[in-house]
Amino acid sequence: MKVFEKIYHRASERKGSEVALKARLSQPLSTESLLALSDDQWLEEFTRKIFQSGFYWAVVDNKWDGFREVFWQFSVEKLLMMSPEMYEQRSQDERIIRNAKKVKSIADNCHMIFEVQQQHGRFSEFVANWPEDNIVGLWLYLKKHGSRLGGNTGPYALRVLGKDTFLLSKDVETVLRAEEIIDGGLQSKKSLQAAQQFFNEMRQYSGLSLQALSQIVSMSVGDNIR
């Protein structure tokens, strides 16, 4: 696959060598490890990424112990019993970043996880068994059924907790457009499907994970030289 070879060679050159490039790559979790995650962990990471969106990540991280206190360690079971009035009250708690709309997303995403549990047993099982060759389908599910999980928010949460996924970062978008894989809106269904097909083909050719491929693509352009 010539386009992959070109991207890989360019990324290796930019990082100094093929060995240096490989040293920078990380891998997703195995299915077994994903299954070991609790559904509470998914709710917590969705919430963290929602609050980090458009905000300094360090500020969110510094407040995170407060978030865990206010929202019962993100226990899905306990938060399902929290009333809208309690959410509204806690959105003004000084231990967290006070943003009522983002706090409301906790309730919405808690209910999304609960609905998945009714069909699949556990949300972790639902994510672990989702096929990577249609990972954008999982992105779209989170966007449709969850709250504030569109764009890169849902995918970044998946990446952090170990689900194999590529990311549509600025650098990845640059390559996709340069190679004429996409030409319209980045988040349109047409562009998402084209990006998925592109990564599927590279995955089949190289045997690498979507995560590693995404990192290679991102390191082949931009300001991240060595």
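**View 1. Nonpolar surface patch formed by Phe55, Tyr56 and Val59.** In this predicted model, Phe55, Tyr56 and Val59 together contribute about 330 Å² of accessible area to a nonpolar patch on the surface. Valine 59 belongs to helix 5, which comprises residues 57-70. The relative accessible area of valine 59 is 34%, so this residue is classed as partly exposed.

**View 2. Helix 13 and its packing partners.** Helix 13 covers residues 189-206. Its 18 residues, at 1.5 Å a residue, should span 26 Å, and the C-alpha atoms at its ends lie 25 Å apart, in agreement with that expectation. The buried residues of this helix are Ser191, Leu192, Ala195, Gln196, Phe198, Phe199, Asn200 and Met202. These buried residues pack against four helices: helix 1 (2-15), helix 10 (135-145), helix 12 (170-178) and helix 14 (210-218). Just after helix 13, glycine 207 adopts a positive phi of about 80 degrees.

**View 3. Glutamate 201 within helix 13.** Glutamate 201 has a relative accessible area of 37% and is therefore partly exposed. Its side chain makes a polar contact of 2.9 Å with the side chain of glutamine 197. An α-helix has 3.6 residues a turn, so residues three or four places apart point the same way.

**View 4. Surroundings of glutamate 132.** Glutamate 132 occupies the loop between helix 9 (123-128) and helix 10. With neighbours within four places in sequence left aside, its contacts are Lys163, Asp164, Gln196, Asn200, Arg203 and Leu210. Among the buried residues of helix 13 are Gln196 and Asn200. A polar contact of 2.9 Å joins the side chain of glutamate 132 to that of lysine 163.

**View 5. The buried lysine 163.** Lysine 163 is located in the loop between helix 11 (153-161) and helix 12. Its relative accessible area is 0%, and the residue therefore counts as buried. Two backbone oxygens are reached by the side chain of lysine 163: that of valine 127 at 2.9 Å and that of alanine 128 at 3.4 Å. The side chain of lysine 163 also has a polar contact with the side chain of glutamate 132, at 2.9 Å. Apart from neighbours within four places in sequence, lysine 163 is in contact with Pro28, Leu34, Val127, Ala128, Trp130, Glu132, Ile135, Leu138 and Leu158. Glutamine 204 lies 41 residues from lysine 163 along the chain, with a C-alpha separation of 18 Å.

**View 6. Salt bridge between glutamate 179 and lysine 6.** Side chains of opposite charge can pair when their charged atoms come close. In the salt bridge between glutamate 179 and lysine 6, the N to O distance is 2.7 Å. This pair links distant parts of the chain, with glutamate 179 in the loop between helix 12 and helix 13 and lysine 6 in helix 1, 173 residues apart. Both partners are partly exposed: glutamate 179 has a relative accessibility of 22%, and lysine 6 has a relative accessible area of 41%. The structure holds twelve salt bridges.

**View 7. Salt bridge between lysine 22 and glutamate 18.** The closest N and O atoms of lysine 22 and glutamate 18 are 3.5 Å apart. Both residues lie in helix 2 (residues 18-24), at a spacing of four residues, or about one turn of the helix. Glutamate 18 is partly exposed, at 40% relative accessibility.

View 8. Arginine 95 is partly exposed, at 40% relative accessibility, whereas aspartate 93 is buried, at 18%.

Conventions:
Residues numbered from 1 in each chain as written. Predicted model: local features only at pLDDT ≥ 70, side-chain atom pairs only at ≥ 80, totals over all residues. Heavy atoms only, no water. Patch = residues over 30% accessible without salt bridge, like charges linked within 9 Å, V, L, I, M, F, W, Y side chains within 5 Å. Areas by Shrake-Rupley, 256 points an atom, 1.4 Å probe, with all protein chains shown as cover. Salt bridge = Lys/Arg side-chain N within 4 Å of Asp/Glu carboxyl O. Helix = DSSP H or I, 4+ residues; strand = E, 2+ residues; numbered from the N terminus. Buried < 20%, exposed > 50% of the residue type's maximum accessible area, 1.4 Å probe, protein only. Polar contact = N/O pair within 3.5 Å; in protein donor to acceptor, adjacent residues only side chain to side chain. Expected span 1.5 Å × (residues − 1). Contact = heavy atoms within 4.5 Å.
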